[in-house]
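Hello,

Here is the structure I promised to pass on to you. Please open it next to this email, and then read on for what was found in it.

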There are 2 protein chains.
Amino acid sequence: MDLYSGYINKLIEELAGLPGIGAKSAQRLAFHIINLPKERVERFANTMLEAKRNVRYCKCCFTLTDQEICPICLNEKRDRKTIMVVENTRDLTAYEKTGKFDGVYHVLHGAISPMLGIGPNDIKLKELMQRLQEDVEEVIIATNSSLEGETTAMYISKLIKPTGVKVTRIASGVPVGGDLEYIDEVTLLRALEGRVEL
Amino acid sequence: MDLYSGYINKLIEELAGLPGIGAKSAQRLAFHIINLPKERVERFANTMLEAKRNVRYCKCCFTLTDQEICPICLNEKRDRKTIMVVENTRDLTAYEKTGKFDGVYHVLHGAISPMLGIGPNDIKLKELMQRLQEDVEEVIIATNSSLEGETTAMYISKLIKPTGVKVTRIASGVPVGGDLEYIDEVTLLRALEGRVEL
């Protein structure tokens, strides 16, 4: 005998398919949703459908947006000659929150990962190369500091260098407020290699 | 300027309203959902709506079910004279998984909590008392071993005792496989008080 009604089981299954949601959490969330007022559940389901329906890639930088061209690419004050390359829209947002970068972005939607079978053609790399045909002075590679992110950074830099456009990589090192004692050796080594004169 | 499209923000907001989902997780889940194929998002939204539409309280024990009367209450083999009182359907399932309890259940949908303003009338207590008018021999109180669960257990036992029905409480003690060293003092004390002769 199934322990829950089929409807509950299906909902638990859907929830457990989300990243970072285990079996127990999925159960808890399912019961929470079932206990919400009907209007709230309808609003939730609608929000999900509306987001899926209306959110698309910006035709220029490929970030997720509900317009043809995203507000950043449309903003006249942004410096179109400096493109920061990030893995996804969340990373773009992280830099955007600093409020200090006035260039534009290019969202790859992934990173090269031979392990996961993700090659250069599976991310928005061709699209980046196309953008370089316009007047671009610098490409700042801000992919993650992971194996995949580093691989992607190396690949992109080799691809761009022959075009004569300047390619830079954001710095690796000890995070601000970080305690040396708890930082891994690779990071410490990177911080040493990347030391700057005071 | 909003960092994300309004559609994404709304979805993040809905997700952050779920229990145990923080702001960062909500963001991650929202982007995961937006990146799912359209059919998957539609299936997810539908599953949610279907569950909400079809799942209701069992008229007898108040567990969540998609029928008038839940399969446990309908089961002829279950002993209707023994009612186990639990706080919610998940707790019912936990006991059901042991496969060793052949009585029926009563789901309170909460516990008395003066702190949260939840009184005896806010849980399915009146409904439990009504069930005692039929031929019931024992009520096993299996509310949680928390302050609220204990308060509820005490309250119910005082309510039922005058009716002459036997009231019991599941045992508190050291969990099986538990290492005494890591068990809190209150539990150790309970285990001592509840010692049984070998």
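Predicted model: local features only at pLDDT ≥ 70, side-chain atom pairs only at ≥ 80, totals over all residues.

**What was found**

The volume of the largest cavity is about 40 Å³, and a search of the whole structure turns up 1 cavity of 30 Å³ or more.

**Where the chains meet**

Now to the interface. How many residues of each chain are in contact with the other? There are 52 residues of chain A in contact with 52 residues of chain B. The size of an interface is often given as the accessible area that is lost when the parts come together. Here, the area buried between chain A and chain B is about 5,100 Å², and carbon and sulfur atoms give 73% of that. On the chain A side, the residues that lose the most area to chain B are A:Tyr7, A:Glu14 and A:Met48, which together make up 14% of what that side buries.

Across the interface of chain A and chain B, the rule finds 8 residue pairs in polar contact, with both residues at pLDDT 80 or more. Several elements of chain A give two or more residues to the side that touches chain B: helix H1 (6–16), helix H2 (23–35), helix H3 (38–54), strand E2 (64–65), helix H4 (71–74) and helix H5 (89–98). The largest share of that side, 14 residues, comes from H3(A). Sorted by class, the side of chain A that touches chain B has 27 nonpolar, 12 polar and 13 charged residues.

**Salt bridges**

Over all chains, the structure holds 17 salt bridges. Across the interface of chain A and chain B, the rule finds 4 salt bridges.

The largest pocket holds about 350 Å³ of space. Its lining has 18 residues, and those nearest the centre are B:Ser145, B:Ile170, B:Ala171, B:Ser172 and B:Gly173. Helix H5 (89–98) and helix H8 (185–193) of chain B are the elements that give two or more residues to this lining. By class, the lining of the largest pocket divides into 8 nonpolar, 6 polar and 4 charged residues.

What about the second largest pocket? About 290 Å³ of space lies in the second largest pocket. Of the 13 residues that line the second largest pocket, A:Phe31, A:Asn35, B:Asn88, B:Arg90 and B:His109 are the closest to its centre. Two or more residues of this lining come from each of H2 of chain A and H5 of chain B, with H2(A) giving the largest share, 4 residues. The lining of the second largest pocket has 4 nonpolar, 6 polar and 3 charged residues.

Enjoy exploring!

Best wishes

Key. Residues numbered from 1 in each chain as written. Chains lettered and ligands numbered in written order. Heavy atoms only, no water. Contact = heavy atoms within 4.5 Å. Buried area = accessible area lost by both parts, 1.4 Å probe. Salt bridge = Lys/Arg side-chain N within 4 Å of Asp/Glu carboxyl O. Polar contact = N/O pair within 3.5 Å; in protein donor to acceptor, adjacent residues only side chain to side chain. Nonpolar A, V, L, I, M, F, W, Y, C, P; charged D, E, K, R; others polar. 1 Å grid on protein atoms, 1.4 Å probe; cavity = no way out; pocket = protein on both sides within 12 Å on 5 of 7 lines; lining within 4 Å. Points joined across faces, edges and corners; volume = space filled by probe spheres on them.
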